[in-house]
Number of protein chains: 4
Amino acid sequence: MKAHVYHGPGKHALEEHAKPGIAEPSDVIVKIVKTTICGTDLHILKGDVPTCEPGRILGHEGVGIVETIGDAVTMFKPGDRVLISCITACGKCDYCRRLMFSHCVTGGWILGNKIDGTQAEFVRIPHADTSLYPIPDDADEEALVMLSDILPTGFECGVLNGKVQPGSSVAIVGSGPIGLAALLTAQFFSPAEIIMVDLDDKRLEIAKRFGATAALNSKDGHVVDAIKKLTGGRGVDCAIEAVGIPQTFELCEQIIAPGGIIANIGVHGVKVDLHLESLWDGNITITTRLVDTVSTPMLLNSVRAQKIDAKRLITHRFKLDGILHAYQVFGQAAETGALKVIIEA
Amino acid sequence: MKAHVYHGPGKHALEEHAKPGIAEPSDVIVKIVKTTICGTDLHILKGDVPTCEPGRILGHEGVGIVETIGDAVTMFKPGDRVLISCITACGKCDYCRRLMFSHCVTGGWILGNKIDGTQAEFVRIPHADTSLYPIPDDADEEALVMLSDILPTGFECGVLNGKVQPGSSVAIVGSGPIGLAALLTAQFFSPAEIIMVDLDDKRLEIAKRFGATAALNSKDGHVVDAIKKLTGGRGVDCAIEAVGIPQTFELCEQIIAPGGIIANIGVHGVKVDLHLESLWDGNITITTRLVDTVSTPMLLNSVRAQKIDAKRLITHRFKLDGILHAYQVFGQAAETGALKVIIEA
Amino acid sequence: MKAHVYHGPGKHALEEHAKPGIAEPSDVIVKIVKTTICGTDLHILKGDVPTCEPGRILGHEGVGIVETIGDAVTMFKPGDRVLISCITACGKCDYCRRLMFSHCVTGGWILGNKIDGTQAEFVRIPHADTSLYPIPDDADEEALVMLSDILPTGFECGVLNGKVQPGSSVAIVGSGPIGLAALLTAQFFSPAEIIMVDLDDKRLEIAKRFGATAALNSKDGHVVDAIKKLTGGRGVDCAIEAVGIPQTFELCEQIIAPGGIIANIGVHGVKVDLHLESLWDGNITITTRLVDTVSTPMLLNSVRAQKIDAKRLITHRFKLDGILHAYQVFGQAAETGALKVIIEA
Amino acid sequence: MKAHVYHGPGKHALEEHAKPGIAEPSDVIVKIVKTTICGTDLHILKGDVPTCEPGRILGHEGVGIVETIGDAVTMFKPGDRVLISCITACGKCDYCRRLMFSHCVTGGWILGNKIDGTQAEFVRIPHADTSLYPIPDDADEEALVMLSDILPTGFECGVLNGKVQPGSSVAIVGSGPIGLAALLTAQFFSPAEIIMVDLDDKRLEIAKRFGATAALNSKDGHVVDAIKKLTGGRGVDCAIEAVGIPQTFELCEQIIAPGGIIANIGVHGVKVDLHLESLWDGNITITTRLVDTVSTPMLLNSVRAQKIDAKRLITHRFKLDGILHAYQVFGQAAETGALKVIIEA
């Protein structure tokens, strides 16, 4: 079969690869229909993810059709259309029983990282009964690819952890795909204000079309003042960090209101300064989270009920044969305007 | 001043009445600008509310302008535009300190019940600092009259108690003003389905315009089956009772899914049958509540941010001089199609 | 093997029965070490549980040793000591993924009900990875038998649903084994008052030894007044119903404070009167629940840390050969003083 | 009257001072019966609290007797015994209405800071109805002095924010008075393990007597390993920071389990390093809080019900005449073993 394989920092190729087979009774082999590329895949290509070794098929998102099932699989049968979760959950370990699937002791984020992933014609999904989701007949496959990772990540790590509420004020720092996913899903809770912050005016323009009530370019250095002004001097009830660098996290520390929550989504490579000398008495909360994908059934309901238009995040479409080009387009988002791309297998 | 006074069952009149004055240091006298009529006012006129004695000025809703303030008032000054809450809260007693303003030991629902109310040119508001809300300059007064009682009641007793969530299924039994208020505010949380139930097709038609995903007339006796069909056989996650009679409450018992919540809003005059022989193992929750109006600041924010169009509930407008006619129109809602009426003082 | 088998209303016997074998890849065969008798077993013997057909081995509690495992079992191996949960959970269905194991679509309460149970030398446990718990080496087996059903039931249905809090007031109506289990586990949260109510002075005496701050015999008809007196006229913050008849549930309705919670544990055979004419504005909550056994890991920790002495519930011990006698002793609790009995297999 | 007055860094004296009078209608003048010294008072004496100006009477804790009341006071009358809260709450502002009394716009921590405090014969309490608590007749005054600040601070900022639960594992870093207050109140929730960490063996010895399940001296540099070993390699579910320096906060970052909560109580003077490069995917929560004293009524109930022995924190007793000596004893805690001291006025 064709597969997109990582060969060490800076090296990757679309090549022929052995088709996967059932290895454990709880496995399912899925024929990929549509997949996509995640910002994390770019991190792997840079060599930033040591758990991902050369030879690995990348990709942890996608929808497909069940081809074969292991003996212990009871929830799926060949021919079923399925959504693949970026998080593999055994459903049995202490973490899974607390619904913290991200920390499953034999799962978590392993697809396209510790085991072969979805940027291929076929993929083996371990713990399939608790890691795949049946797709409703009337659902749009492209929309559902957004439910493998980006929408639950924005929703769980940003919106749920940030306790976005009707009438509240929210700032989302970072208007890339993940910040926009938080923006779309924050609107489930009807906050009064959603202020988007970014350095790129084009992305801020998109944010406004997606429902932001204000969009601020932080390059002029006055964004803290601007947010304070928009919130009666108090700051925001919820600040969602969707970049992953010290400057943006510390911006969140400056704009959070007493009693507010800073919900981190960003993947950080270095430590940040936490200004407890001013925040110790602020009654604030800071949260971190790797997505657990516990919200996937709810998001499936919401997509079907047309409460969210997940396809708005999709800007480009490719065939699997063109995946190297897709990586170029996705990797140069500033020029191409790419948000999420669809790869048809 | 002119005031609308209750004179015992079936008797009421618009008449001259002494203007109220400051009685306690925490009082404020408000000049009424706009008020309305509540279903509870009709109950009083029928003689169903023994705490309301003849001679009482009716009404517990409205917006106005502060005329005079007591010595202990710090949050308001003469000339301020204010929203009057239907619930008076001292802010000091055990219940108030738990935010259960409805059970304030010297407040609660007293306006137009135990003390004179808002259907007059002036009203005395006790515990004013914690029972009035400042009105933003840019707010629509008619919309805000809906925030005195009906919107917080539908929201707190129905939507918040019912834990309406994104992706969930909700049934609202009763499509009168209070059921419609629950319908409007349930949408703050983006549930996947909101099924309205009523006996009146005209009200169900309004419900659909207000955002219901299904509207069922229960007179054919098949409404339980219809709701089960709409919810994959499970029933609804949240059933909101907005009528107040045994039949509608028991309907909620029949349509609630395992793990679901029945949130009662209705004012009940007699006991109901609770079918614990079938519900004891259903992991269900039943809640009752007199509105606490703790959500009023959030609703003010939401109205200002245009997240809800509160004026959709208003069907008729009158001057205070025409209040007896307003009661007729409101009391014959089946014929007149009245939801909420505005009375201009 | 020897097994205790139900043969229709009023008929049961200890007899030879075929030993169970692995039927599904997720099964485990457990050699029973210790089991017990539940009040529900008595209901079955009376013919009150239609899902339990003649020929069924009874029992849904116990500890044992893993004998054989199915191909898909990954959490246990032969020789492991295990606690058997009264609730079987697949870990995969919609309810299990919401941690509502009681409503698992292929599990729930099936042991000793829809499939053969634990009052035997061996038992087959379906969905074993998510329905058994490993026993710590240093744990007391008799104490752990109390964790199969009675302690999680009292804790989840009564204490957790009732939101018992430090400083709060609790009434537990019914001082039988399940009421006492609620009493023991309520103390995890250090409420200020726990008032036990029963008709049997001996059981009330036990309740006092187990930590009740007051013990009231309700036969004199003044228990409502007595509870109001103990709570400053307000009633209790939490009323736990641990009997299952209309009188005791309606007692809970009379003693609940505004803002309080009635948590039902009792298995009810008939409907009850819900006095909404007085409770509609009481801001009260009523909950029902079949135990989900989600608290089992926490209870295991607490037993090990000596935060609860689960063995206090055990009054009698028998060998499996004497199980018919054990049923007599347990069934005539008023005379024998039996709470929980241990059956050694 | 006699009063203990701050005269700038390093300078303070017991001296004659004008007796306070009613300034606002909501004021009460309290005759002090017993007060105490807080660690924060030492900070003021060092000059670390710029809001506290020379000439200020210190102290924000105590019990006393109401002497005179303002015209708007309704909850108290002369002669009432009262507990003084360290936090003054107007009960009216946006923060108070969210029960975040610490951020009251005209209150918060002002006693002995922005206005004269309790280390005197009399004190003026603004917003008295919502800042004083009636003392039950049968309560112990010395125990209640511990409820002005230290117990609610340990409980709210540490235990409640840290979501201490039955069966969970807790580490408290810092075994001074505030860490010990967290230790005492953590036991309301019956966690399985409470590990105390300090550099002083004497304080660790006290911690063990107060209920710690383990007490670790961190000076050997192996405390992280020791805590991991005690928690099966996972770390603790809740880490409470009760010192206020970077090293202790960063220790909390190292010992927190996935899904855990770091609850900060410490008053920090400088920033700390937040290691998001390792915590970004840890599903952890960090909270800060200035005590709101919302738990005071619950703590009063718990002290009365003997669920907590608050007096265990008291090591020394003085008369007001000896307050300078009391400051010496309290300030040299390492030598004197002082925890909390009682000053009798």
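**View 1. Area buried between chain D and chain A in the predicted model.** Chain D and chain A bury about 3100 Å² between them, 55% of it on carbon and sulfur atoms; buried area is the accessible area (1.4 Å probe) that two parts lose on being put together, summed over both. On the side of chain D, the residues that lose the most area to chain A are Trp280(D), Asn283(D) and Thr288(D), together 22% of what that side buries. The contact (heavy atoms within 4.5 Å) takes 35 residues from chain D and 35 residues from chain A.

**View 2. Salt bridges between chain D and chain A.** Two salt bridges are counted between these chains, each a side-chain nitrogen of Lys or Arg within 4 Å of a carboxyl oxygen of Asp or Glu. Lys271(A) forms a salt bridge with Asp273(D), and the closest N and O atoms lie 2.8 Å apart.

**View 3. Pairing of strand S14 (residues 285-287) of chain A with S14(D).** The two strands, which are DSSP runs (E, at least two residues) numbered from the N terminus, pair in the antiparallel sense over three bridges; pairing requires that DSSP finds at least two bridges between strands. Ile286(A) has Ile286(D) as its bridge partner in S14(D).

**Notes to all views.** The model is predicted: local features need pLDDT of at least 70, side-chain atom pairs count only at pLDDT 80 or more, totals for chains, interfaces and linings use all residues, and side-chain values use heavy atoms, with hydrogens and water left out. Residues are numbered from 1 along each chain as its sequence is written, while chains are lettered from A and ligands numbered from 1 in the order in which they are written.

Notes
Helix = DSSP H or I, 4+ residues; strand = E, 2+ residues; numbered from the N terminus.
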